[in-house]
Number of protein chains: 2
Amino acid sequence: MLRLVLVEPEGEYNVGFIARLCKNFEVNELFIVRPKCNINSAIKFSARGEDILRSAKIVDTYEEALQGTGIKIATSSIANNKGDILRKAIFPWELSSIMKSERVALIFGRESVGLTREEISKADFLLFIPANPAYPTLNLSHAVGIVLYEIWKAKHEIKPKMTKESIDLLDKYSKILYGLIRKSDEDYALYIALKRALIKGINDEEEARTVIKFLRKLYTKFLHEDKE
Amino acid sequence: MLRLVLVEPEGEYNVGFIARLCKNFEVNELFIVRPKCNINSAIKFSARGEDILRSAKIVDTYEEALQGTGIKIATSSIANNKGDILRKAIFPWELSSIMKSERVALIFGRESVGLTREEISKADFLLFIPANPAYPTLNLSHAVGIVLYEIWKAKHEIKPKMTKESIDLLDKYSKILYGLIRKSDEDYALYIALKRALIKGINDEEEARTVIKFLRKLYTKFLHEDKE
């Protein structure tokens, strides 16, 4: 369950685009604290996210918007200032490892001035999207898009997976080949490194079968040589 | 060197936001083929990307926009349709592994109808941003933002890289081992698959050296057997 919280958004197009992004990336709840723009005018930018915008909760206080949420993540375009622990930030691709709460609140501030220090202090994490140091400030809805994309990606981890059988075979042939060359127990690291690299680097079942075929052929070649 | 190519963009806010994103993510060149909106009106959405918008190259043909580029990547919100090889797509996080050309063109189509099949057929890759299957169509500038973010992230990659020497050695030993087992020219796929999986799956120089050691030992074992 992911709740997106906008604090005093100023641009109608941003609010509309964000509703659309909520639909694109399957966000369950949209809360808006004291909107500074006309929500009805935002609808024309929301495309098929219109229902999300129409059912968004408009609230008067920041506290109301966070009520009932577990982990709270504030976002900022300023981060990692030395000596300022409040602004010690995490990156979007680290989100998947901290989204372990039932209800996560993802909080974005005003286009003009972001979130206040007090608002940030009430969150558990500060999220920062790295970009050109000379101009790191993304437009609000684009920042939302990137963060929602990263979360969606982590949640769906779409990259085609290998079958368990292929993983077992990669393990088997790495181990068998290792058995041919091992001299000491320390050589075990060779087997582990090869197996892990293959499991990480292979994208799908077809690639897996090709690499397994290679390893099996290498092994049978050895058997053959041994017999001669 | 990255060139962003927009084909017949229709929305001023999108063109403006995209110029801003180019600044945020350090894109060098913006080409616009036959814009269907007023570029001057787009400026107010470009923030500090104004200079990029003002120096954008407006061209009459798709071919002109691609001139001088190496790898060409078209984007689409429709992908992986069965039996349609043209639309067999890659994902944003795979971009880093194919961006090895000096000049990459990243091509985005019209808000309304995207790129034509003919336009896609002139590109080397089709890029697809995965999202909610019920509504995967992102707004144009948000799609651009996500792709530029992924490329920027890959370019600045905080994770330690392998040395060129290690990449060359992984290639060398994959090829040598393949030489031992090859029976026909089709076996070439085995070498390619192993090499690619290793380059993608190995995270740092230490892992690389361990795997190289394994492959080298396998090879010397073969040499040894042959002599007996």
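Colleague: How far does helix α8 of chain B reach from its first C-alpha to its last?

Modeller: This is a predicted model, in which local features need pLDDT of at least 70, side-chain atom pairs count only at pLDDT 80 or more, and totals for chains, interfaces and linings use all residues. Residues are numbered from 1 along each chain as its sequence is written, with chains lettered from A and ligands numbered from 1 in the order in which they are written. Helices are DSSP runs (H or I, at least four residues), numbered from the N terminus, and the expected span is 1.5 Å times one less than the number of residues. Helix α8(B), residues 164-181, has 18 residues, and its reach, close to the 26 Å expected, is 26 Å.

Colleague: Within what arc do the buried residues of α8(B) fall?

Modeller: A residue is buried if 20 or more other C-beta atoms lie within 10 Å of its own, with C-beta atoms placed from the backbone; among those in α8(B) are B:L170, B:Y173 and B:L177. Taking directions from the helix axis to the C-beta atoms, the buried residues line one face of α8(B), because they fall within an arc of 135°.

Colleague: At roughly what angle do the axes of α8(B) and α9(B) cross?

Modeller: Axes are lines fitted to C-alpha atoms, for helices over the stretch in contact, and angles run from 0 to 180 degrees between N-to-C directions. Angles over 145 degrees count as roughly antiparallel, and α8(B) and α9(B) are therefore roughly antiparallel to each other. The axes of α8(B) and α9(B), residues 188-201, come within 9 Å and cross at roughly 150°.

Notes
Helix = DSSP H or I, 4+ residues; strand = E, 2+ residues; numbered from the N terminus. Buried ≥ 20, exposed ≤ 12 C-beta atoms within 10 Å, placed from the backbone. Parallel < 35°, antiparallel > 145°, perpendicular 65-115°, else oblique.
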